[in-house]
Amino acid sequence: MKLHEYQAKDVFADAGIPVPESRLATTVDEVLDAVEEVGFPAAIKAQVHVGGRGKAGGIKIATDEEEAREYADDILGMDLKGFTVDKVLVEAGVDFVDELYVGVTMDRGEGEPVAMVSEQGGVDIEAVAERDPDAIAREHVDPAFGMHPYQARKAVYDAGIDRDVAGDVASVLTTLYDLWEEKDASDVEINPLMVTAEGEIVAADAVMNVDDDALFRHPDLTELREETYEDELERKAGEYGFDYVRLSGNVGIIGNGAGLVMTTLDLVDYYGGSPANFLDIGGGAKAERVTNALDMVFSDENVDAVVFNIFGGITRGDEVAKGINEALEQFDEIPKPVVVRLAGTNAGEGMEILNTDLVEVESTLEDAVQRAVARAEEVAT
Amino acid sequence: MSVLVGDDTRVVVQGITGGEGGFHAEQMIEYGTNVVAGAVPGKGGQEVHGVPVYDTVHEAARREDADASVVFVPPAFAADAMFEALDSPIDLVVAITEGVPTQDMAKVKKRLSEVDTRLIGPNCPGIITPGEAKLGILPGNIFSSGNVGLVSRSGTLTYQVVDNLTSRGIGQTTAIGIGGDPIIGTTFVDALELFEADEETEAIVMCGEIGGEDEEEAANYIAQYMDTPVAGFIAGRTAPPGKRMGHAGAIVSGSGTGTAESKIDALNDAGVPVGDTPEQVTDYVEEYL
């Protein structure tokens, strides 16, 4: 789960990390009230879950009221990489002399958290990592002990941070690690951490992503969740509880188990088709879930044909067949051709139940995918 | 021969009184697995499917001389269950639970490096030596005994490949589902090492997917240390960057690491052919035997 910048800044500020004075605003009038309070120059920043907001025009610096009105009008309601901006953070501009980077993430290869510091803040840190990997100091942390104070100091000195602010940066990094651990974050990041002419440090941006699997023990963070989906179908998938990713092709795909569904997508591509989606109905799915899955894929207007591939372990073929029948029998005419392949647990029973007037059946994965690709081509032309 | 589990493996089921644990304990027993105990705090003294239940893993292991455990404990308590098994006399822990918090797993992984116990999973279908024992939720009827070792990050993809192998008369020594999470106990390299040392395993199938760098590390290991031939499959060639494809670990990062292309190239460079389809993987294996 991603937190918005303003939410992450609240969390950071509560923990004692300095952040600029700011107000949240949802209308142009609110922006004008806010700039009066924080003063000029003021940053007006779109609060949406996309990276590279600045480049996309979602962050602007206003130096007077007229500019504030103009930028507020531009940014509120704008479409930023598929997301509509409905709120902005209005923040006091920081007069900085240096921009640093500090962050904590999980190094999955090592199975350990890693704290990172760099003098080259203010730009995309992944680009820095690629161009100049030595510009980022990395300190792996034993998750059982947490970060020792010396490790924060070491990372800061290794990164070549100016001695005048090194102590303060180390203290921010320590706080950041503690937050990462306490909040079950997957990533926390301040980029840029600004250094002012007076030698103060201020978190000008804030990133915090939380492990979805750990939300059960963080009801306070769960309340901050804002379901923003790029489209209606992803919202629907969230309601049904499906793992779903929408793609741009015309062959709808439903299956069980992430690896096998990904494989089905790959095969559609391999046989010359183009996958419309990833949809995993999960293990042990009952008839109703199957019906919901078909409903989802049918309501995607890009879809011309559907391949339904189930290899039952804990999922039972007869339940799946029941669901497919129920979903299709409600139509006078089947909206889109459906190719079904059932294997594994109770697949034989499933094949007996399946109404083959309504669907096409194949016995191997490869054949099912090829047939669906062919059907999609016929429908499309 | 086989790796890790067989006729003589004595299994404790952690969470045997739960719905999942109870159902799969019964399935395991039906398959012929030697399930000797259950372990559930507060349920000691009960009996489930003819198996005695103990309050702690330590007691179950001591009283029933168990050497392996299978964890069917809900995510909130799964790490604790793994720690309990790691600290007991158990040698092999198989964690089926899906949705264990990543930071919990980092701590488990740390403990794992300090003990001799092996962990498989979490978020995995388990391990099976056909005809002898299965620890987990794999559908036993699709497996057959033979000379191919199989290691995979995905459950249902494993079933697909095994079904292809079995229907062509190619049996398996052992199949290991290592799980789809970012931090797991047994990696591809660990599993390959086991199969390489197993005299009966004549060929190996390795099914990977996008995300992380385990497949690349496996490719390095194969090039340097292995004589047993390996055939590969990588799921997620068409996955867009930044989108999680079901498994918590299956994501191509924004900076382009974890792609299918990088994994396939690494495996090819190590002399491992990678099938475009699951059926092709079986073709490669057939050529090896």
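## The interface between the chains

In this predicted model, 49 residues of chain B are in contact with 45 residues of chain A; two residues are in contact if their C-beta atoms, placed from the backbone, lie within 7 Å. On the side of chain B that touches chain A, helix H3 (75-86), helix H4 (102-112), helix H5, strand E12 (203-209) and helix H9 of chain B each supply at least two residues. Helices (H or I, at least four residues) and strands (E, at least two) are DSSP runs, numbered from the N terminus. By class, this side of chain B has 22 nonpolar, 16 polar and 11 charged residues. Here Ala, Val, Leu, Ile, Met, Phe, Trp, Tyr, Cys and Pro count as nonpolar, Asp, Glu, Lys and Arg as charged, and the others, Gly among them, as polar.

## Numbering and confidence

Residues are numbered from 1 along each chain as its sequence is written, while chains are lettered from A and ligands numbered from 1 in the order in which they are written. Since the model is predicted, local features need pLDDT of at least 70 and side-chain atom pairs count only at pLDDT 80 or more, whereas totals for chains, interfaces and linings use all residues.

The predictor assigns the complex an ipTM of 0.93 and a pTM of 0.93. Chain B has an average pLDDT of 95, and 99% of its residues score at least 70; pLDDT is the predictor's confidence in each residue, from 0 to 100.

## Chain A as a whole

Chain A contains 13 helices and 18 strands. Its C-alpha atoms fill a box of roughly 80 × 50 × 40 Å, taken along the principal axes. Of the 381 residues of chain A, 46% count as buried. A residue is buried if 20 or more other C-beta atoms lie within 10 Å of its own, exposed if 12 or fewer, and partly exposed in between, with C-beta atoms placed from the backbone. Among the contacts in chain A with a separation of 6 or more, 68% are between residues 24 or more positions apart.

Helix H1 (residues 5-14) of chain A has as its buried residues A:Glu5, A:Tyr6, A:Ala8, A:Lys9, A:Val11 and A:Phe12. An α-helix has 3.6 residues a turn, so residues three or four places apart point the same way. The cover over the buried residues of H1(A) includes strand E1 (22-25) and helix H6 (163-182) of chain A. Just after H1(A), A:Gly16 takes a positive phi of about 100°.

Helix H13 (residues 365-380) of chain A has 16 residues and reaches 22 Å from its first C-alpha to its last, close to the 22 Å expected at 1.5 Å a residue; the expected span is 1.5 Å times one less than the number of residues. Its buried residues include A:Leu365, A:Ala372 and A:Ala376. The buried residues of H13(A) pack against elements of both chains, including strand E16 (305-312) of chain A and helix H5 (155-167) of chain B.

## The nonpolar cores

A nonpolar core is a set of buried Ala, Val, Leu, Ile, Met, Phe, Trp, Tyr and Cys residues joined through C-beta atoms within 7 Å. The largest has 154 residues, of which A:Leu279, B:Val12, B:Val71 and B:Met82 touch the most other members. Helix H9(A) gives the largest share of this core, 7 residues. A second, separate core of 41 residues includes A:Ile17, A:Leu100, A:Ala152 and A:Ala170.

Leaving aside neighbours within four places in sequence, B:Met82 is in contact with B:Val71, B:Val93, B:Ala95, B:Val108 and B:Leu119.

## Strands of chain B

In strand E6 (residues 92-95) of chain B, B:Leu92 and B:Val94 on one side and B:Val93 and B:Ala95 on the other are all buried. Strand E5 (residues 68-71) of chain B runs parallel to E6(B) and is joined to it by 4 bridges; two strands pair if DSSP finds at least two bridges between them. B:Val70 has B:Val94 as its bridge partner in E6(B).

Strand E8 (residues 126-129) of chain B is joined by 4 bridges to the antiparallel strand E9 (residues 133-136) of chain B, and B:Thr129 stands opposite B:Ala133. The hairpin of E8(B) and E9(B) has 3 residues between the strands, and in this hairpin B:Gly131 takes a positive phi near 80°. E8(B) also pairs in the antiparallel sense with strand E11 (residues 172-177) of chain B over 3 bridges, where B:Gly126 stands opposite B:Gly177.
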